[in-house]
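This report describes one structure for a reader who is new to it. The sequence and the structure come first, and the text follows.

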Amino acid sequence: MCCTAWAQESLVVGWSSWRPFSFRDEQQQLQGLDIDLVEAIFSRAGFDARYSEMPWARILRELEFGTLQMTMMANKTPLREQFARFSIPYRNEETVLLIRRQDKSRWQGVAQLSDLLPRTEFTIGLLRDFDYGPDFRTFVQSPQLKDRLLVRLRLEQLMKLLLAGRIQGLVLDPMGLEELSPFGMPLDELTTLIYIQQTPVHLMLNRRTTTPQQLQRLDEAIRALLQSPEYRQILARYHYPQP
């Protein structure tokens, strides 16, 4: 049994709409893979979540300068560690480079990120303030990629550019394509060019408004959840790959 003796405390948890991880259903009820995992973690750690919806870029600012105490589905980076503390991983995510299926023969021979460096006609779409793991973080520092990275705030903007051929690739966790389901885009026209890597996902906590003791409770709760049948049941509910 984990942490059941603790009195209930509230933490303010920032979230953004990103199917299937966190979203509102037709009845405006908050749900999603990460919402269910956070609820399972919090129930073991003795916390209640007070959810606050805002764009991802604002979540990062609020964790650094504001009163927001936590968010989920976060990659650990050196920059973020300056203002946040991170839990142990509670799941993994995949990162791939998507292209149009009709362009697959054009990029034949591209098997890893470094193969794209001399392909000056290949432009990559990225979401602002998103992290795609250490391998891609290193890749984008290459001078050959100057002026070949297109950053936008919303996924649907990047997807429209990709489908129109105005960018040649899009970096994404493929499960995140579900976020585009309300837009009716022809997602079957896409295929994976490169599997980039699998990255551990953490809870990210505001250093100023949370304590090491609270982080310890969350870590203990995550360890307990990962060993429980409930963990696999939650992943299966959203058809997420089992560890």
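Helices (H or I, at least four residues) and strands (E, at least two) are DSSP runs, numbered from the N terminus. This is a predicted model, in which local features need pLDDT of at least 70 and side-chain atom pairs count only at pLDDT 80 or more, while totals for chains, interfaces and linings use all residues. Residues are numbered from 1 along each chain as its sequence is written, and side-chain values use heavy atoms, with hydrogens and water left out.

F136 and F139 lie in helix α4 (residues 134-139); because they are three residues apart, about one helical turn separates them. An α-helix has 3.6 residues a turn, so residues three or four places apart point the same way.

Rings of Phe, Tyr and Trp (its six-membered ring) pair if their centres lie within 6.5 Å; planes under 30 degrees apart count as stacked, over 60 as edge-to-face and the rest as tilted. The model has eight aromatic pairs by this rule. In the pair of F136 and F139 the ring centres are 5.7 Å apart and the planes stand at 50 degrees, so this pair is tilted. Both residues belong to one aromatic cluster, which W18, W56, F130 and Y132 complete.

A residue is buried under 20% relative accessible area, exposed over 50% and partly exposed in between (1.4 Å probe, protein chains only). F136 is buried at 2%, and F139 is buried at 8%.

**Strand pairings**

Two strands pair if DSSP finds at least two bridges between them.

| β8 (residues 124-127) and β9 (residues 149-152) | parallel | four | I124 with L149 |

**Helix α6**

The expected span of a helix is 1.5 Å times one less than its number of residues. Helix α6 (residues 212-226) has 15 residues and should therefore span 21 Å, which agrees with the 21 Å between its end C-alpha atoms. Its buried residues include Q214, L215, R217 and L218, and D219, A221, I222 and L225 are buried in α6 as well.
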